[in-house]
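Trainee: I have a new protein model open and would like to learn how to read it. Could you take me through it one feature at a time?

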Amino acid sequence: MSIILSLALASAVAPGDAATQRTHNAAPDSGEELASTALARGQSEDAITRLKVELDRNPNDPALLINLGIAYAQIGADEDARVAFEAAMHSSAETDLQTADGALVDSRVLARKALSMLDRGAFR
């Protein structure tokens, strides 16, 4: 499956520094692309709605789960964020994600980093 995802974990810095993508691109008007745009713009509620729709289609997608966790964390729903990050960490669909700095990072590593950031309150 091909998508571009905004991921505030890029380079393990503060939220909003966006842009993690897989090695393929999504259709510009795909639900995943729209969700990533909403997340990158700080429209967390919209991103949550869109990411849930995409997760119905791909329930084990670690990139979608990580982005959902970020969106939840941004609105202060830390327990929901934790559930999403842990699901990404334990997903059987492990994949490499490309961060904004161009590094390829294992999805499980990003999920662990997200949990650590959540514990530090880095998403607020």
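Predicted model: local features only at pLDDT ≥ 70, side-chain atom pairs only at ≥ 80, totals over all residues.

Trainee: Where does glutamate 54 lie?

Mentor: Helices (H or I, at least four residues) and strands (E, at least two) are DSSP runs, numbered from the N terminus. Glutamate 54 belongs to helix 2, which covers residues 44-57.

Trainee: With which residue does glutamate 54 form a salt bridge?

Mentor: A salt bridge here is a side-chain nitrogen of Lys or Arg within 4 Å of a carboxyl oxygen of Asp or Glu. Glutamate 54 pairs with arginine 57, and their closest N and O atoms are 2.7 Å apart. Arginine 57 is exposed, because its relative accessibility is 57%.

Trainee: How many residues apart are glutamate 54 and arginine 57 in helix 2?

Mentor: Start with the geometry: an α-helix has 3.6 residues a turn, so residues three or four places apart point the same way. Glutamate 54 and arginine 57 are three residues apart in helix 2, so about one helical turn separates them. Helix 2 also holds arginine 50 and aspartate 46, four residues apart, about one turn of the helix. Those two form a salt bridge as well, with the closest N and O atoms 3.1 Å apart. Arginine 50 is partly exposed, with a relative accessible area of 30%, and aspartate 46 is also partly exposed, at 30% relative accessibility.

Trainee: How many salt bridges does the count come to?

Mentor: The count is three. One of them joins the side chains of arginine 82 and aspartate 119, at 2.6 Å from N to O. This pair links distant parts of the chain, since arginine 82 is in helix 4 and aspartate 119 is in helix 5, 37 residues apart. Arginine 82 is partly exposed at 23% relative accessibility, whereas aspartate 119 is exposed, with a relative accessible area of 55%.

Trainee: Which side chain of opposite charge is nearest to aspartate 106?

Mentor: For charge, Lys and Arg count as positive and Asp and Glu as negative, while His and the chain ends are not counted. Aspartate 106 is buried yet has no salt bridge, and the nearest side chain of opposite charge is arginine 108, 5.2 Å away. Aspartate 106 lies in strand 4, residues 104-106. Contact means heavy atoms within 4.5 Å. Leaving aside neighbours within four places in sequence, aspartate 106 is in contact with Glu94, Thr95 and Asp96.

Trainee: Which residues of helix 4 are buried?

Mentor: In helix 4 they are Ala81, Ala84, Phe85, Ala88 and Met89. Looking down the axis of helix 4, you find its buried residues within an arc of 140 degrees (the arc of the directions from the helix axis to the C-beta atoms), so they line one face of the helix. These buried residues pack against helix 3 and helix 5. The face turned away from the buried side of helix 4 carries the exposed residues Glu79 and Val83.

Trainee: How many residues does the largest nonpolar core have?

Mentor: A nonpolar core is a set of buried Ala, Val, Leu, Ile, Met, Phe, Trp, Tyr and Cys residues joined through side-chain atoms within 4.5 Å. The largest one has 31 residues, and those with the most contacts inside it are Ile66, Leu68, Phe85 and Phe123. Helix 3 gives the largest share of this core, nine residues. Leaving aside neighbours within four places in sequence, leucine 68 is in contact with Ile48, Leu51, Lys52, Leu55 and Ala84.

Trainee: What pattern does the chain follow along the sequence?

Mentor: The chain reads β-β-α-α-α-α-β-β-α, with five helices and four strands. Of its 124 residues, 45% are buried.

Notes:
Residues numbered from 1 in each chain as written. Heavy atoms only, no water. Buried < 20%, exposed > 50% of the residue type's maximum accessible area, 1.4 Å probe, protein only.
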